[in-house]
Protein chains: 2
Amino acid sequence: MSSSIDTRPVILTGDRTTGPLHLGHYAGSLKSRVALQRSHRQFLLLADTQALTDNAHDPEKVRRNVLEVAFDYLAVGIDPLETTICLQSALPALAELTLLYLNFVTVSRLERNPTIKTEIQLRGFERDVPAGFLCYPVAQAADITAFRATVVPVGEDQAPLIEQTNEIVRRLNRQVGRDILVEAEAMIPAVGRLPGVDGKAKMSKSQGNAISLSASPDEITDAVRRMYTDPTHLRASDPGKIEGNVVFTYLDAFCDDGQLLEDLKERYRRGGLGDITVKRHLEDILQALLAPIRERRARYAAEPGYVLDILREGTLKARERTEATLAELRAALGLFTLT
Amino acid sequence: MSSSIDTRPVILTGDRTTGPLHLGHYAGSLKSRVALQRSHRQFLLLADTQALTDNAHDPEKVRRNVLEVAFDYLAVGIDPLETTICLQSALPALAELTLLYLNFVTVSRLERNPTIKTEIQLRGFERDVPAGFLCYPVAQAADITAFRATVVPVGEDQAPLIEQTNEIVRRLNRQVGRDILVEAEAMIPAVGRLPGVDGKAKMSKSQGNAISLSASPDEITDAVRRMYTDPTHLRASDPGKIEGNVVFTYLDAFCDDGQLLEDLKERYRRGGLGDITVKRHLEDILQALLAPIRERRARYAAEPGYVLDILREGTLKARERTEATLAELRAALGLFTLT
């Protein structure tokens, strides 16, 4: 490392440690993280604390998946020399900032947050929303600002969380009279969310419609075989629909040969191209994409001690950075300091 | 210190650092803290983090009063060799436990807490309750359990906060399958709350009806002179009322000579005892009580470096204790640990 100041934009992102990652994560975020890790200063948070906000009954699941997600990161090509991978619950400054920020946000503001409203509905919490869940946008604001992140990749449905963060940033900057915290920008991915192999909107392990990053060749074959296409496209000679056809959605996401893909689409629309042929194309692509990931993942999984060392080192770096933000903010607010 | 295990009951108590303490604090809590500090293992929390839950707009006030309250503690006879005095915001484990516990409490449970309901009304928050304020019973549960306190002195109106704490304790003990956290008992003081000198229910600096622990002899004289008695007791020869008569309420709290006090009450009720005479008794008692406190307080205030050292040492001890609770609980829940 040279001693010159790092002026790259700072990305904070990460994953709740509730399960190993899958192809949907790869298309939606992992791929771009690998692409951005040199041009950006990138921090990846293994978000075990946040995972507990709706998994408090099953902390064992949250624990178990910390290393699983770390294996996934390294397997897809996250380079720990470029990207800092760290464990959320090992960064006390995040909890301290969360508690501080909670005083600057009203309960009714949290209840109005559209992302939270939707998520509360999805989880069927109704009146029994855990307080930690209602407050998690504030915890997220603590994460983002603690790392002084300027860019936060989020799905479109999560953009209100960045707005909530920036409200807190402005509120605190106004109070201390200078820009001590940095506003962050949402980076909405160009690629939409990858549907499940069954055509449902979301790929998810619990729905059984996901292709995991460690999928075996047979599992990939099987998943592609089961993949939802155009149900009205009964014979190869029939004209077929591209829209809502999962095989083509996946080809859009993973086929690098644009000319070939346009050609396939045209032939499929016109009639004369069977599902089996298109699926074979997709399967070849997915097998080629996942083979090296699966192999690297197996190598890391065989050496958990090495991966733990990476997490320890990253967490130490993250701790320095987040503690510095907390100390600066406390001083600017004029809070008491013992040291 | 001997190396034998300390089996004394553990008290956690403290004060929000929003202003210097006054005679009401002395009668309601400080006096009994001094009396209990040998028979109990006592921790006093300078609650600056909690003070911010309704003073986020004025952190400077919260900071300034950390040392003021510490001076008050030492002035009344809290012995730092017996009692651990520590700074809440310098104990990150409290924030971490708060965040963890928030996942085990529903928003509606917090909204139903009678203490919080009343306090929200008192503060005129209405719909704009800061999230930190709604969550402060959970932060208090974190404080109590982190110190493994078994006894928590609280006013009667705050007993629901201990109930909330014990709910969290039972919830977590059930989840980990053993009594990892300790239930606490509320210790309701025998002496009721001391009214203000104007007869209003609460002595409070902001109401201008308080006698501060650093009050000068003249301020004490003046406060007793202004003190609310029986407004129908116009001449010394008239019969007077004891009930609601602030002078007698204070005598009940501070006069150690029970016989003399009964005698005064009888003569006052019967008629023939003037307010001036009773007030002179009370003034003598208060002057005698406050003179050594005022002097000791001035000595400590002249040596803030010494007091800071006491806080540093106490906070270090408290940090060890609270970190140990957090680590144990994390391990019992099966959360990921990097070290």
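User: How many residues of domain 1 of chain A are in contact with domain 2 of chain A, and what makes a contact?

Analyst: Eight residues of domain 1 of chain A are in contact with five residues of domain 2 of chain A. Two residues are in contact if their C-beta atoms, placed from the backbone, lie within 7 Å. Helix α3 (residues 59-76) of chain A gives the largest share of the domain 1 side, five residues. Helices here are DSSP runs (H or I, at least four residues), numbered from the N terminus. By class, the domain 1 side has seven nonpolar residues, no polar and one charged. Nonpolar covers Ala, Val, Leu, Ile, Met, Phe, Trp, Tyr, Cys and Pro; charged covers Asp, Glu, Lys and Arg; the others, Gly among them, are polar.

This is a predicted model: local features need pLDDT of at least 70, side-chain atom pairs need 80 or more, and totals for chains, interfaces and linings use all residues. Residues are numbered from 1 along each chain as its sequence is written, with chains lettered from A and ligands numbered from 1 in the order written.

User: How do you know where the two domains of chain A lie?

Analyst: The bounds come from an automatic or database domain assignment. Domain 1 is 10-193 + 303-333, and domain 2 is 214-298. Their centres, taken over C-alpha atoms, are 34 Å apart.

User: Why are α8(A) and α9(A) called roughly perpendicular?

Analyst: Helix α8 (residues 136-146) and helix α9 (residues 159-176) of chain A pack at about 70°, axes 9 Å apart. Angles of 65 to 115 degrees count as roughly perpendicular, so α8(A) is roughly perpendicular to α9(A). Axes are lines fitted to C-alpha atoms over the stretch in contact, and angles run from 0 to 180 degrees between N-to-C directions. The contact includes Ile144(A) of α8(A) and Ile168(A) of α9(A). Its residues divide into six nonpolar, four polar and no charged.

User: Which elements build the side of chain A that touches chain B?

Analyst: 44 residues of chain A are in contact with 44 residues of chain B. Elements giving two or more residues include α2 (48-52), α5 (107-112) and α14 (304-333) of chain A. α4(A) gives the most, six residues. The side of chain A divides into 27 nonpolar, 10 polar and seven charged residues.

User: How do you know that the length of α12(B) agrees with its residue count?

Analyst: The expected span is 1.5 Å times one less than the number of residues. Helix α12 (residues 258-270) of chain B has 13 residues, so it should span 18 Å. Its end C-alpha atoms are 18 Å apart, which agrees. Gly271(B) follows α12(B), with a positive phi near 105°.

Technical notes: Parallel < 35°, antiparallel > 145°, perpendicular 65-115°, else oblique.
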